[in-house]
Structures are given as structure tokens and as C-alpha cells.
Amino acid sequence: MITRDGTLDDVEQMSAFLQELTALGKRTSPDDPDHVRNYYILGENRIRLTVAEEDDTILGFQALSLATPGNQWGVEPGWGVIGTHIAPAAARRGVGRTLFPITRQAAREAGLAFIDASIGATNAEGQAYYEAMGFRTYREPDGLVCKRYDL
């Protein structure tokens with residue numbers, strides 16, 4: 001497994017496995033190629049996008065962006081917002097554990113004090129992953145468990 005910056009060439013693979021996650025009930029956010037391109041790759045608040053791949057197949061990606069006023073998650077402006085997405089076929093292979101140190105370093109370099117992970121309340125796997133990375137629950141708005149990592 002290697003890690004690298006995400007690029008426009010990754011849009012189709014990223015969207016395809018996000019759609020798999022949606023079909024499995026593990027995702028409710030947009031998963032189409034336009035969303036992947038505009039939010040994860042070209043997003044104006046993006047700090048870092050890292051993909052993990054093996055044999056030219058993307059196993060997962062982790063995105064870090066800057067929370068701005070009025071963001072959809074209700075995260076304090078100036079915090080980081082993280083999203084971790086692992087292809088179903090790559091689950092339980094350590095992809096998330098490989099990606100997080102890279103994202104954490106990017107957050108430090110960006111001068112962030114906190115990173116938010118807003119996870120669906122029914123996504124026990126996602127909640128367990130972020131707990132294992134050192135995130136702790138700090139609020140629970142309707143349908144979400146929001147975890148914070150202190151840098």
C-alpha cells in the first residue's frame with residue numbers, strides 16, 4: 001500500500017466506492033463524480049487529500065478541510081474537518097491507520113488546534129475508528145456523533 005496526494009485522475013474510483021458505501025447504508029452524503037471533484041479534489045477549503053492505493057486501485061482516502069462560518073456540520077470555524085472513506089473491499093486492512101498520521105501532520109502544519117469528525121450515529125465502525133485514532137465525543141446533534149481530536 002502506498003499513499004499519495006489525491007488528483008483529478010482519482011475522481012471515478014473515489015466516486016465508485018463512495019457509491020458502494022451509500023448502497024451499504026454507510027454513507028448519506030453525495031457520492032457522484034461532480035461532488036468528489038468539487039468537494040474533495042478542488043474544494044476551496046481543502047487542506048489535504050490523501051489516497052491509499054495498491055496496484056493502481058484506490059483503497060481509501062482521507063480528506064481534511066477548514067471549517068468556515070455556516071458550514072454544514074456546525075463545526076466551529078477555524079477547526080479542521082476530517083472525512084475518512086475506505087472501499088468496502090479494503091475494510092479492516094489498516095488503510096485508515098495508514099492515512100491518519102499524514103492528515104494529522106497536515107493539520108499541524110496548517111496551525112489547527114482541533115479536528116472534527118462528524119459520524120453518523122448508526123456508523124459504529126466509523127465511531128470506533130476515530131476513537132482508536134484518539135478522537136473523543138464532544139457533542140451529539142441529531143443523527144450524528146461528533147468527535148474531536150486535540151492537536
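Modeller: Helices (H or I, at least four residues) and strands (E, at least two) are DSSP runs, numbered from the N terminus. This is a predicted model, where local features need pLDDT of at least 70 and side-chain atom pairs count only at pLDDT 80 or more, while totals for chains, interfaces and linings use all residues. Residues are numbered from 1 along each chain as its sequence is written, and side-chain values use heavy atoms, with hydrogens and water left out.

Colleague: Great. What order do the strands of the sheet have?

Modeller: The order is 1-2-3-4-5-7-6, in an open sheet of 7 strands with mixed pairing. Two strands pair if DSSP finds at least two bridges between them.

Colleague: And which strands stand at the edges?

Modeller: Strand 1 (2–5) and strand 6 (136–139); each has a single partner strand, so one side of each has no neighbour in the sheet. From one strand to the next, the twist averages 30°.

Colleague: In which sense do strand 6 and strand 7 pair?

Modeller: Antiparallel, over 3 bridges, with strand 7 spanning residues 144–150. Arg 136 has Arg 148 in strand 7 as its bridge partner.

Colleague: Which residues of helix 4 are buried?

Modeller: Gly 126, Gln 127, Tyr 129 and Tyr 130. Buried means under 20% relative accessible area, exposed over 50%, and partly exposed in between (1.4 Å probe, protein chains only). These four cover an arc of only 160° around the axis, so they sit on the same side of helix 4; the arc is that of the directions from the helix axis to the C-beta atoms. Their cover includes strand 3, strand 4, helix 3 (95–109), strand 5 and strand 7. On the face turned away, helix 4 carries the exposed residues Ala 124 and Glu 125.

Colleague: New topic: is Gln 62 buried or exposed?

Modeller: Buried, because its relative accessibility is 0%. Gln 62 lies in strand 3.

Colleague: What does the side chain of Gln 62 make a polar contact with?

Modeller: The side chain of Thr 84, at 2.6 Å, is one partner. The side chain of Gln 62 also has polar contacts with those of Thr 103 at 2.7 Å and Tyr 129 at 3.1 Å. A polar contact is a pair of N or O atoms within 3.5 Å; within protein, one must be able to donate a hydrogen and the other to accept it, and residues adjacent in sequence count only if both atoms are side-chain atoms.

Colleague: Last one: which residues of the largest nonpolar core touch the most other members?

Modeller: Met 14, Phe 17, Leu 18, Tyr 40, Leu 49 and Phe 61, out of 19 residues. Helix 1 gives the most to this core, with 5 residues. Apart from this core lies another, of 14 residues, including Leu 64 and Tyr 149. A nonpolar core is a set of buried Ala, Val, Leu, Ile, Met, Phe, Trp, Tyr and Cys residues joined through side-chain atoms within 4.5 Å.

Notes. Axes are lines fitted to C-alpha atoms, for helices over the stretch in contact, and angles run from 0 to 180 degrees between N-to-C directions. Contact means heavy atoms within 4.5 Å.
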